[in-house]
Amino acid sequence: MVLDLSAVSVLVIDDNSHMRSLFRAILGGFGVRRIFDAVDGAEGFATTVDRKPDVVICDWVMSPLSGAEFLALLRADADMGVATTPVILASADARKPVVLEAVDLGIHEFLAKPLAPAMLYHRLQRVLTEHRPFLRSGGRLRPAPRGCTRASARPSPAVAAAALATPGAGSNTLYI
């Protein structure tokens, strides 16, 4: 499937200027016209709140605010539009504990560096076409595991509205 990405906005958060330039070039080649960038998690969070990108691509190891800290801030934001922004984590550290921690913090996709344009396109395609509900568990907000997107797995509109009104009220509250 070929996507028209001309109307999609992407925020790239990476402390390495060469990596940001590489992402810009690849995303531009895919047809993305609105690309924002940030040098760390703090600037990335501020840009996410201000610009509300459709997708965030975030590095894991950054300073002073890491990818993990960025994700924690993002998923805790009071604005559900910001808190549920899809995140693709891009990292050279692809060890299982790192990936599992990132999943627990609420990433949608993981992309190992060095990056391959085809893999980035695949991750973007999944993030933009799979509309996964969000689950609040243990006080954390994250996308529900794949396979939980069936209508029968979603709460009624009344239950969802009540859950949105009182974040953290239940240990397993789905958000649509």
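Which helix does H122 lie in? H122 lies in helix α6; helices here are DSSP runs of H or I with at least four residues, strands are E runs of at least two, and both are numbered from the N terminus. This is a predicted model, where local features need pLDDT of at least 70 and side-chain atom pairs count only at pLDDT 80 or more, while totals for chains, interfaces and linings use all residues. Residues are numbered from 1 along each chain as its sequence is written, and side-chain values use heavy atoms, with hydrogens and water left out.

**Around H122 and E109**
- H122 counts as partly exposed because its relative accessibility is 33% (buried is under 20% relative accessible area, exposed over 50%, partly exposed in between, with a 1.4 Å probe and protein chains only).
- H122 and E109 sit 13 residues apart in sequence and 9.9 Å apart in space, C-alpha to C-alpha.
- E109 is buried, at 7% relative accessibility, and so is R123, at 15%.

**Salt bridges**
- The whole structure has 12 salt bridges (a side-chain nitrogen of Lys or Arg within 4 Å of a carboxyl oxygen of Asp or Glu).
- R123 pairs with E109, with the closest N and O atoms 3.7 Å apart; R123 is in helix α6 and E109 in strand β5, so the pair ties together parts 14 residues apart in sequence.
- E109, R123, R126 and E130 are linked in a salt-bridge network.
- R140 and D104 form another one, closest N and O atoms 2.3 Å apart; R140 lies in strand β7 and D104 in helix α5 (residues 96-105), so this pair ties together parts 36 residues apart in sequence.

**R132, the one without a partner**
- R132 sits in the loop between α6 (117-129) and β6 (134-137).
- R132 is buried yet has no salt bridge, and the nearest side chain of opposite charge, E130, is 4.7 Å away (Lys and Arg count as positive, Asp and Glu as negative; His and the chain ends are not counted).
- The R132 side chain does reach the backbone oxygen of A144 at 2.9 Å and that of H108 at 3.4 Å.

**Lining class**
- R132, E109, H108 and A144 are among the residues lining the second largest pocket.

Definitions and conventions
Polar contact = N/O pair within 3.5 Å; in protein donor to acceptor, adjacent residues only side chain to side chain. 1 Å grid on protein atoms, 1.4 Å probe; cavity = no way out; pocket = protein on both sides within 12 Å on 5 of 7 lines; lining within 4 Å.
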